[in-house]
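Please examine the sequence and the three-dimensional structure shown below. The briefing that follows is arranged by topic.

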Amino acid sequence: MTAGLPVSLAKADLAVSRNLATSWRACLRARGVGAMLLAVSCLAAMPGVASAAAPAAVPITIGETRLVTFADGDVRQVNVYLPDGYAKDDKRYPVLYLIDGGLSQDFLHVAGTTALGAVWGRSEPAIVVGIESRDRRAELIGSPGNAAQHEQYPTAGRSAAFRAFLRDKVKPMVEASYRTNGQDGVIGESLAGLFIVETWLREPGLFGRYAAIDASLWWDDGALSKAAPGVLAGGASRGPLYLTYSNEGPETADAADRVARAGSALVCLVPRPDLTHATAYHVLSPQALQFLFPTANKQDPEWGFEVPCSRKS
């Protein structure tokens with residue numbers, strides 16, 4: 001018995017040793033041209049030998065999570081991706097705010113797309129801040145909807161509280177904690193896209209640039225798009241908006257067209273009826289990032305790195 005070990009472990013070790021000896025003797029009895037290779041293969045296959053030689057696994061670190069209080073008893077994930085090289089220099093970076101940015105939402109997709117865009121020189125490297133949403137209809141929609149929608153989704157229409165969370169808690173935390181350069185943008189899809197268009201209209205100074213992929217502008221019979229001309233007539237300064245729609249039917253397309261007409265040169269409208277609501281975000285997010293944080297690089301046309309209405313495309 002091995003001194004200092006539990007009985008069961010000592011017996012197990014003895015059994016393993018006997019099995020190793022038996023296996024090794026079988027390997028040594030090998031004959032022929034492949035004998036040496038067979039012996040090496042046998043050794044690698046023996047219990048404990050391969051695992052002992054394997055290097056320890058190293059975790060892959062993608063970012064960090066901060067917990068920020070949204071309301072009493074409601075703490076949200078704010079997930080942060082720092083661009084490659086952030087820890088090695090003192091450079092300052094733009095910030096991409098991502099709505100629906102929980103770990104189980106769109107954070108990994110958009111952080112990866114941002115990293116790839118920077119590698120290709122298609123878009124500037126950026127700090128990605130993913131903000132978790134929960135009751136999306138409450139937090140990302142600004143009106144209760146029509147009668148049928150309100151009956152089905154009674155919590156809808158409280159987006160002002162989520163916008164205040166971004167303004168009063170998330171953005172100050174980011175500015176105080178990371179090396180930002182004063183430039184920022186926001187991106188989101190579907191209801192998050194609706195929230196972004198609403199923010200662009202109602203509180204345009206909250207972000208510098210906006211990207212709304214497949215925004216759910218059909219909500220409330222297109223009420224937000226119908227209000228756009230009057231809101232924009234107020235003359236408040238606002239940054240550009242990248243707006244897309246896919247094959248979701250005439251209600252969404254018409255609403256997006258109304259916003260684009262009202263916003264004129266401020267709106268980069270990208271109709272993509274060849275895409276579906278399920279595929280649009282992954283296809284268009286690289287182009288949206290190029291719009292939000294363009295580089296001075298001249299892209300080879302054959303690469304397809306184009307944003308037709310971008311001044312730097």
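This is a predicted model: local features need pLDDT of at least 70, side-chain atom pairs count only at pLDDT 80 or more; totals for chains, interfaces and linings use all residues.

Residues are numbered from 1 along each chain as its sequence is written, and side-chain values use heavy atoms, with hydrogens and water left out.

**The chain as a whole**

- The chain holds 11 helices and eight strands; helices (H or I, at least four residues) and strands (E, at least two) are DSSP runs, numbered from the N terminus.
- Of the 313 residues in the chain, 44% are buried; buried means under 20% relative accessible area, exposed means over 50%, and partly exposed lies in between (1.4 Å probe, protein chains only).
- The chain exposes about 16,000 Å², and carbon and sulfur atoms supply 58% of this area; accessible areas come from the Shrake-Rupley method with a 1.4 Å probe, and for residues only the protein chains shown count as cover.
- Among contacts between residues at least 6 apart in sequence, 71% join residues at least 24 apart; contact means heavy atoms within 4.5 Å.

- Eight strands form an open sheet in the order 1-2-4-3-5-6-7-8, with mixed pairing; two strands pair if DSSP finds at least two bridges between them.
- Strand 1 (64-71) and strand 8 (267-271) are the edge strands, each of which pairs on one side only.
- On average, neighbouring strands of this sheet are turned by 20° against each other, direction ignored; axes are lines fitted to C-alpha atoms, for helices over the stretch in contact, and angles run from 0 to 180 degrees between N-to-C directions.

**Strand 3 and its partners**

- Strand 3 is mostly covered, as seven of its seven residues are buried.
- Strand 3 (residues 93-99) pairs with strand 5 (residues 180-189) in the parallel sense over five bridges.
- Within this pairing, Tyr93 stands opposite Thr180 in strand 5, and Val95 stands opposite Asp184 in strand 5.
- Strand 3 and strand 4 run parallel and are joined by five bridges, with Tyr97 opposite Val129 in strand 4.

**Ile131**

- Ile131 lies in strand 4 and is buried, with a relative accessible area of 0%.
- The C-alpha atoms of Ile131 and Ile99 are separated by 5.5 Å, although these residues are 32 residues apart along the chain.
- Leaving aside residues up to four places away in sequence, Ile131 touches several residues, including Gln77, Leu98, Gln105, Phe162, Phe165, Leu166 and Val170.

**Helices lying across the sheet**

- Helix 7 (residues 159-177) lies across strand 1, strand 2 (74-81), strand 3, strand 4 (127-131) and strand 5, and runs at about 140° to strand 1.
- Helix 11 (residues 280-292) lies across strand 3, strand 5, strand 6 (209-213), strand 7 (241-245) and strand 8, and runs at about 165° to strand 6.

**Helix 10**

- Helix 10 (residues 250-263) has 14 residues and reaches 20 Å from its first C-alpha to its last, close to the 20 Å expected at 1.5 Å a residue; the expected span is 1.5 Å times one less than the number of residues.
- Its buried residues are Thr252, Ala253, Ala255, Ala256, Val259, Ala260 and Gly263.
- Seen down the axis of helix 10, these buried residues fall within an arc of 165°, so they line one face of the helix; the arc is that of the directions from the helix axis to the C-beta atoms.
- The buried residues of helix 10 pack against helix 8 (191-202), helix 9 (219-232), strand 7 and strand 8.
- The face turned away from the buried side of helix 10 carries the exposed residues Pro250, Glu251 and Arg261.

**Residues with positive phi**

- Most residues other than glycine have a negative phi.
- Ser190 is not a glycine, yet its phi is positive, about 65°.
- Ser190 is placed in the loop between strand 5 and helix 8 and is buried, with a relative accessible area of 11%.
- Asp221, also not a glycine, has a positive phi of about 55°.
- Asp221 lies in helix 9 and counts as partly exposed, at 47% relative accessibility.
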